[in-house]
Amino acid sequence: MASETGATEAASSEPQARHVIYCGVCSLPPEYCEFGGTAKKCKEWLEKNHPDMHEKLYSEEAVAATLSTLSLEAQKRAAKDSQKKEAKAAAAEAKAAETKAQAQILIKRVERNKRKYVTAVSGLEAHGMDLKKVAKEWGKKFATGSSVTKTASGGEEVVVQGDNSDEIFDWVVDVAGVPEANVDCIEDKKKKGA
């Protein structure tokens, strides 16, 4: 009898595992999202997915309680820092949207031998696409070999065997959602070796 009570007491004194919620935007715990640089998006995500945690962290009472523990100088500094972080995040979002809107995708049809072609596509990474996944998907879709290769300028491009430039153009516009104005098709001939 004594051994059973001792076992239950020992089991209750062992530390229990905690369930920690991590932010879906910055992958930090919600208490630390303000240090991640995407505080605005994190706050929206938390409000949508965990409203009770959002209420606990961002309600007016919680913010007032946190600010009341700070001195006046610290409160002014905290307000100034938060404004700077919000402005920086907004500027980063605007810059990313602008670069995405201006980024061009080049689809080149390159002649290998007399009637053999290779289609090279560059500029996909600017639109947030993973080149390896795109290459694998195109290889399956067109039943050809496709790979990611480095260009002479230091960038990367997806090379697909065969003349698939029209199909790739349609895929980029329809599936990836890139505007037609940002996609160019170029026909290229390889120079013959001397």
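Modeller: What follows starts with the ring pairing and then moves to the rest of the chain. The model is predicted, so to speak of local features a pLDDT of at least 70 is needed, side-chain atom pairs count only at pLDDT 80 or more, and totals for chains, interfaces and linings use all residues. Residues are numbered from 1 along each chain as its sequence is written, and side-chain values use heavy atoms, without hydrogens or water.

The structure has one aromatic pair (Phe, Tyr or Trp rings, the six-membered one for Trp, with centres within 6.5 Å). Its members are Trp138 and Trp171, with ring centres 5.3 Å apart and planes at 85°, so the pair is edge-to-face (over 60 degrees; under 30 is stacked, the rest tilted). Trp138 belongs to helix α6 (residues 131–142) and Trp171 to helix α7 (residues 165–174), so that the pair links distant parts of the chain, 33 residues apart. Helices here are DSSP runs of H or I with at least four residues, strands are runs of E with at least two, and both are numbered from the N terminus. Trp138 is buried at a relative accessible area of 0%, and Trp171 also counts as buried, at 8%. Buried means under 20% relative accessible area, exposed over 50% and partly exposed in between, with a 1.4 Å probe and protein chains only.

Ala143 has a positive phi near 55° although it is not glycine, and at 69% relative accessibility it counts as exposed. Most residues other than glycine have a negative phi. Ser27, in the loop between α1 (2–13) and α2, is another non-glycine residue with a positive phi, about 65°. Ser27 is exposed too, at 53% relative accessibility.

Another ring has a charge over it: Arg109 lies over the face of Tyr117, at 4.1 Å from the ring centre. The criterion is NZ of Lys or CZ of Arg within 6 Å of the centre and within 35 degrees of the ring normal.

As for the whole protein chain, its secondary structure comes to seven helices and five strands, in the order α-α-α-α-α-β-β-α-β-β-α-β. Of its 194 residues, 25% count as buried. Among contacts (heavy atoms within 4.5 Å) between residues at least 6 apart in sequence, 46% join residues at least 24 apart.
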